Amino acid sequence: MSDDSRPSRTEPRTALRTAAVIPAAGRGVRLGPGAPKALRALNGTPMLIHAVRALAASRAVSLVVVVAPPDGAPEVKSLLDAHALPDRTDFLVVPGGESRQESVRLGLDALPPDYDIVLVHDAARPLVPVDTVDAVIQAVRDGAPAVVPALPLADTVKEVEPAAVPGDPEPVLATPERARLRAVQTPQGFDRRTLVRAHETVTSNVTDDAGMVEQLGERVVVVPGHEEAFKVTRPLDLVLAEAVLARRRLNDGF
Ligand SMILES: Nc1ccn([C@@H]2O[C@H](COP(=O)(O)OP(=O)(O)OP(=O)(O)O)[C@@H](O)[C@H]2O)c(=O)n1
Ligand SMILES: C[C@](O)(CO)[C@H](O)COP(=O)(O)O
């Protein structure tokens with residue numbers, strides 16, 4: 001059995017139902033020319049299918065809403081139909097928007113009323129382990145309105161004055177204390193009403209959903225992320241993702 005189909009430890013039935021929204025409408029400009037990023041293959045299977053399986057591997061997730069490229073919903077529906085996915089999970093596909101934020105909002109708009117917990121997970125993080133998904137859900141069930149998985153940084157970070165011309169030297173303004181910094185991943189988990197309020201209230205462009213909840217003044221907490229939940233952003237990330245999949249195959253003995 002491969003890692004992405006391993007059943008999770010979270011209890012299947014509780015009063016709080018969990019849905020996952022997977023924004024997959026980005027172009028993948030930093031990855032270079034080609035199909036929209038989520039539709040590109042990792043070891044022969046579209047990145048999006050890996051991501052959908054990773055979220056559906058949690059027994060707590062009973063609905064996955066995929067936010068497709070604006071004109072790509074029929075293609076994404078066909079892809080979901082063509083790949084084996086757990087029977088216990090329902091799937092919806094909606095067209096996305098111009099920004100990640102807009103795509104997430106369109107996914108939230110499509111959620112049926114009977115879901116109290118919402119995960120938002122980048123299709124571009126196809127290899128997140130189910131234990132990370134379950135840890136995020138558990139923290140929301142325990143009462144946190146917003147939960148983000150994150151890792152300590154390996155590099156020292158500098159705040160700079162960004163160069164007007166790319167490649168020019170940039171003056172350093174400060175060196176934040178690394179021990180207090182975390183690199184944030186997905187799935188991020190939310191009390192649904194809090195996330196909907198954030199998307200209704202925040203008008204500035206924010207790069208992650210938890211950042212929008214922070215702007216409401218609500219409590220956001222971090223749980224441990226996972227190295228394999230990295231985001232496929234640049235070409236080297238594709239090499240790493242395929243290496244992780246190859247290692248999982250070896251570990252699973254096929
Ligand atoms: N209009 C958009 C832009 C992004 N995303 C999704 O948001 C996630 C994180 O975005 P990122 O990795 O930045 O993807 P892209 O926007 O595709 O990448 P790039 O900035 O290189 O074009 C991805 O799953 C992407 O598909 C989305 O649903 N709708
Ligand atoms: C949501 C996110 O993946 C958390 O790290 C990230 O903020 C997405 O940013 P991007 O600019 O869309 O890559």
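**Briefing: one chain, two ligands**

The shell around ligand 1 splits into eight nonpolar, seven polar and seven charged residues. This is a predicted model. The chain has 254 residues, and 41% of them count as buried. Its secondary structure comprises seven helices and twelve strands.

**Ligand surroundings**

- Ligand 1 is surrounded by 22 residues.
- The closest to ligand 1 are Pro 23, Ala 25, Gly 26, Arg 30 and Ser 103.
- Around ligand 2 stand Arg 100, Asp 122, Val 184, Gln 185, Thr 186, Thr 207, Asp 208 and Lys 231.
- The ligand 2 shell divides into one nonpolar, three polar and four charged residues.

**Overall fold**

- The radius of gyration is 18 Å, which agrees with the value near 18 Å for a compact globule because that is what 254 residues would give.
- The C-alpha trace spans about 55 × 40 × 35 Å along its principal axes.
- Counting contacts with a separation of 6 or more, 75% join residues 24 or more positions apart.

- Strand 6 covers residues 117-120.
- In a regular strand, side chains alternate between the two faces of the sheet.
- Both faces of strand 6 are covered.
- Ile 117 and Leu 119 lie on one side, Val 118 and Val 120 on the other, and all four are buried.
- Strand 1, residues 18-23, runs parallel to strand 6 and is joined to it by four bridges.
- Within this pairing, Ala 19 stands opposite Val 118 of strand 6.
- Strand 11, residues 188-191, runs antiparallel to strand 6, also with four bridges.
- Here the bridge partner of Ile 117 is Asp 191 in strand 11.

**Ala 56 in helix 1**

- Helix 1 spans residues 47-56 and includes Ala 56.
- Ala 56 has 24 other C-beta atoms within 10 Å, and 20 or more make a residue buried, so Ala 56 is buried.
- Beyond its neighbours within four places in sequence, Ala 56 is in contact with Val 61, Val 64, Leu 85, Pro 86 and Thr 89.
- Ala 56 and Ala 19 are 37 residues apart along the chain, and their C-alpha atoms are separated by 9.6 Å.
- Ala 19 is the residue that stands opposite Val 118 in strand 6.

Methods. Residues numbered from 1 in each chain as written. Chains lettered and ligands numbered in written order. Predicted model: local features only at pLDDT ≥ 70, side-chain atom pairs only at ≥ 80, totals over all residues. Near = placed C-beta within 6 Å. Nonpolar A, V, L, I, M, F, W, Y, C, P; charged D, E, K, R; others polar. Helix = DSSP H or I, 4+ residues; strand = E, 2+ residues; numbered from the N terminus. Rg over C-alpha atoms; globule rule 2.2 N^0.38 Å. Buried ≥ 20, exposed ≤ 12 C-beta atoms within 10 Å, placed from the backbone. Contact = placed C-beta atoms within 7 Å. Pairing = 2+ DSSP bridges.
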